Every structure is written in structure tokens, then in C-alpha cells.
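Hi,

Here is the structure I promised to pass on.

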Amino acid sequence: MSTSGLSPKQARQLRIAAASVLLVAMAAVLVIRLASRTSVLVVGVYGLAMILCGVVIELSRNGRTRLGTWLLVGGLSAALVFDWLILP
């Protein structure tokens, strides 16, 4: 058992579920942002965030849960910062 009390299988399933929920959330935010303002930059930022969620799901399926967690947190944080700073 790891220090968090989750078995490796449970950790993988948790990361996959979290990344799947965030993937759907990023798709919803993309639709909302495109409804208010059509921009290639909006599609780029949220498209990359959605791709990142898919990569994290695949990493978690292959047992790379820590790497997937860092990528998920860092990548989605960067997407939100870009949305706040760059996208008007």
C-alpha cells in the first residue's frame, strides 16, 4: 500500500476518473467560450487541455499515476492561467 492508503489499482482508477471528468469539463468550457467569442486561441488552449486529459488517462492506464497527476495539475493550471491572462 502507498502512503495515501490506496492500492495501485485504486490510484489508477481514481486518476482515470478524475481526468475523464476534467476532460468533459474542459469540453463544456470550450463550448461556452466559443459561444461568447470565436477564436483560434480559445480552441488551442482548451484543445490542448483536452488532449492533456487524454494523455493522463493513458498514462494512468499504464501505471504512471504520479506523472499523470503532475501533468494534470500543471497542465490544467497553465490552461486556466492562459485563459485568464491571454484570452480577453
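Below is what turned up, starting with the whole chain and ending with single residues.

A word on ground rules: this is a predicted model, where local features need pLDDT of at least 70, side-chain atom pairs count only at pLDDT 80 or more, and totals for chains, interfaces and linings use all residues. Residues are numbered from 1 along each chain as its sequence is written, and side-chain values use heavy atoms, with hydrogens and water left out.

**The chain as a whole**

You'll see three helices and zero strands, in the order α-α-α along the sequence. Helices (H or I, at least four residues) and strands (E, at least two) are DSSP runs, numbered from the N terminus. The C-alpha atoms fill a box of roughly 45 × 20 × 15 Å along the principal axes. Of the 88 residues, 26% are buried; buried means under 20% relative accessible area, exposed over 50%, and partly exposed in between (1.4 Å probe, protein chains only). The chain exposes about 5800 Å², with carbon and sulfur atoms supplying 72% of that area (Shrake-Rupley method, 1.4 Å probe; for residues, only the protein chains shown count as cover). Among contacts (heavy atoms within 4.5 Å) with a separation of 6 or more, 62% join residues 24 or more positions apart.

**How α2 and α3 pack**

Helix α2 covers residues 40–61 and helix α3 residues 65–85; they pack at about 170°, with axes 9 Å apart. The axes are lines fitted to C-alpha atoms, for helices over the stretch in contact, and angles run from 0 to 180 degrees between N-to-C directions. Residues making the contact include Val45, Ala49 and Val56 from α2, and Gly68, Leu71 and Phe82 from α3. By class, this contact has 13 nonpolar, four polar and one charged residues. Here Ala, Val, Leu, Ile, Met, Phe, Trp, Tyr, Cys and Pro count as nonpolar, Asp, Glu, Lys and Arg as charged, and the others, Gly among them, as polar.

**The core**

The largest nonpolar core has 14 residues, and Ala19, Met26, Val42, Tyr46, Ala49, Leu72 and Leu76 have the most contacts inside it. Such a core is a set of buried Ala, Val, Leu, Ile, Met, Phe, Trp, Tyr and Cys residues joined through side-chain atoms within 4.5 Å. The elements giving two or more residues to this core are α1 (8–36), α2 and α3, and α2 gives the most, with seven. Leaving aside neighbours within four places in sequence, Leu72 touches Ala19, Leu22, Cys53 and Val56.

Ser60 sits in α2 and counts as buried because its relative accessibility is 0%. Beyond its neighbours within four places in sequence, Ser60 contacts Arg12, Arg15, Ile16 and Thr65. Ile51 belongs to α2 and counts as exposed at 53%. Ala78 is in α3 and partly exposed, at 31%.

Cheers
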